[in-house]
Amino acid sequence: MSPARLDKGPRLTSDPGGWAGLRLDEPERPSRPVREVMMAQLGGSGPDAVPIGEVVAPPFARTPSPDLFRRRAARFAAVAPHHPLGPYLSFLGRMAEVQAEIQDGLPDPALPPPDALGRSREYGMPALPRSRFSADPACRETLRRFFRAAAETEMPPDARAALGRLVQTDDEMLAWMADNVTADAIPAHDAAAHVFAAAALQVYAARAASRLDAAALVPVGDGICPACGSPPTSSVIVGWEGAHGARFCSCSLCGTLWNYVRIRCTACGSTEGISYQELDGSAGAVKAECCSRCRTFAKVLQQAKHPALDPVADDVATLALDMLLGEEGLRRSGRNPFLMGY
Ligand SMILES: [Zn+2]
Ligand SMILES: [Zn+2]
């Protein structure tokens, strides 16, 4: 793989090679235009409503469960067959397996001391300072271990070339990559390599967030994770007992879920001008919540009815929705390192 190919990163253009030699463009395009997709309102009565007699008292936040990446790997494996993006989804499934497998024996992430956590809570700040993740030796070790384990898996030649260089990298470079991911400042010339760094950082951030007291997290603003300050990938309507039908945003970095009112833009907070679109035939499983004020959309996954839906895997698997809404002049607000460049 030449540096020029690395420059391109995971594009969704008509480049026949695409990132990692996988096409992410035309095969996904559905046959029907977005104008024909079903318009639907979430909430109110109807099939999305809360079961009669159930009191909904959702917790504000839920930190990532230990099986986050295993369930994600299973979901990627389930959606890949017969999917136009099948090879890419299978590849990401293997990356999720690596994310799960490297955790045994990793050093514990450094958490802020209790007084710092208290100050963050008091001032409505995220609990974890993601800009300082790279200073933690456990963070760099997580990246190093992820790169090595990922290199053992099957992957397209271009991806292997990007990864091969990372396996040799030193602490300074690891910290630089981690800082780029947490600052959302991925250099265009090195986008492919940073996809691996982002996947590794998800592991570190999830392990750090899972050690926080979820009950102590506080709202820090629209579209901002209360645990680590990152934007969401997508949001889910959950079927949890006692919270059935509540909506949670899913953090793109640490995987924390935080409660967010339905029919409200996750990017700008507007409750006006919200509409929903979905791909024809998706049966309400994944909808795009579209905001006419900031002209963005965010996906809403109906996990209450389809428990296997995953905020990351199903976001990638419904790329067609992004493409069609993009043609309508809407841009996605959710961040997903595996859709970088889109
Ligand atoms: Zn987070
Ligand atoms: Zn908005």
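Let's start with a pair of helices: α5 (residues 137-151) packs against α7 (residues 171-182) at an angle of about 95°, with the axes 10 Å apart. This is a predicted model, in which local features need pLDDT of at least 70, side-chain atom pairs count only at pLDDT 80 or more, and totals for chains, interfaces and linings use all residues. Residues are numbered from 1 along each chain as its sequence is written, while chains are lettered from A and ligands numbered from 1 in the order in which they are written.

**The big picture**

- The protein has 10 helices and 8 strands; helices (H or I, at least four residues) and strands (E, at least two) are DSSP runs, numbered from the N terminus.
- Take the contacts with a separation of 6 or more: 70% of them are between residues 24 or more positions apart. A contact here is two residues whose C-beta atoms, placed from the backbone, lie within 7 Å.

- The mean pLDDT (the predictor's confidence in each residue, from 0 to 100) is 85, and 83% of the residues reach 70 or more.
- Residues 1-47 have pLDDT below 50, and this stretch has 96 contacts in the model beyond near neighbours in sequence.
- Where pLDDT is low, the predicted coordinates should not be read in detail.

**Helices that cross**

- Back to α5 and α7: their angle makes them roughly perpendicular to each other. Angles of 65 to 115 degrees get that label, with under 35 roughly parallel, over 145 roughly antiparallel and the rest oblique.
- Those angles run from 0 to 180 degrees between N-to-C directions, and the axes are lines fitted to C-alpha atoms, for helices over the stretch in contact.
- On the α5 side the contact uses C139, R140, L143 and R144, and they meet D171, L174, A175, M177 and A178 of α7.
- By class, that contact has 6 nonpolar, no polar and 3 charged residues; Ala, Val, Leu, Ile, Met, Phe, Trp, Tyr, Cys and Pro count as nonpolar, Asp, Glu, Lys and Arg as charged, and the others, Gly among them, as polar.
- Helix α7 also crosses α8 (residues 191-209) at roughly 80°, and their axes come within 9 Å, so α7 and α8 are roughly perpendicular too.
- M177, A178, N180 and V181 of α7 make this contact with H194, A197, A198 and L201 of α8, a set with 6 nonpolar, 2 polar and no charged residues.

**Buried sides of two helices**

- In α6 (residues 157-167), D158, A159, A162, L163 and L166 are buried. They sit on the same side of the helix because they cover an arc of only 130° around its axis, judged by the directions from the helix axis to the C-beta atoms.
- Turned away from that buried side of α6 are the exposed residues P157 and V167.
- Helix α10 (residues 319-327) buries L319, L321, D322, L324 and L325, and its buried residues pack against β5 (274-277), β6 (286-291), β7 (296-302), α9 (313-317) and β8 (331-332).

**Positive phi values**

- A283 isn't a glycine, yet its phi is positive at about 55°; it lies in the loop between β5 and β6.
- R295, in the loop between β6 and β7, is another non-glycine with a positive phi, near 60°.

Note on methods:
A residue is buried if 20 or more other C-beta atoms lie within 10 Å of its own, exposed if 12 or fewer, and partly exposed in between; C-beta atoms are placed from the backbone.
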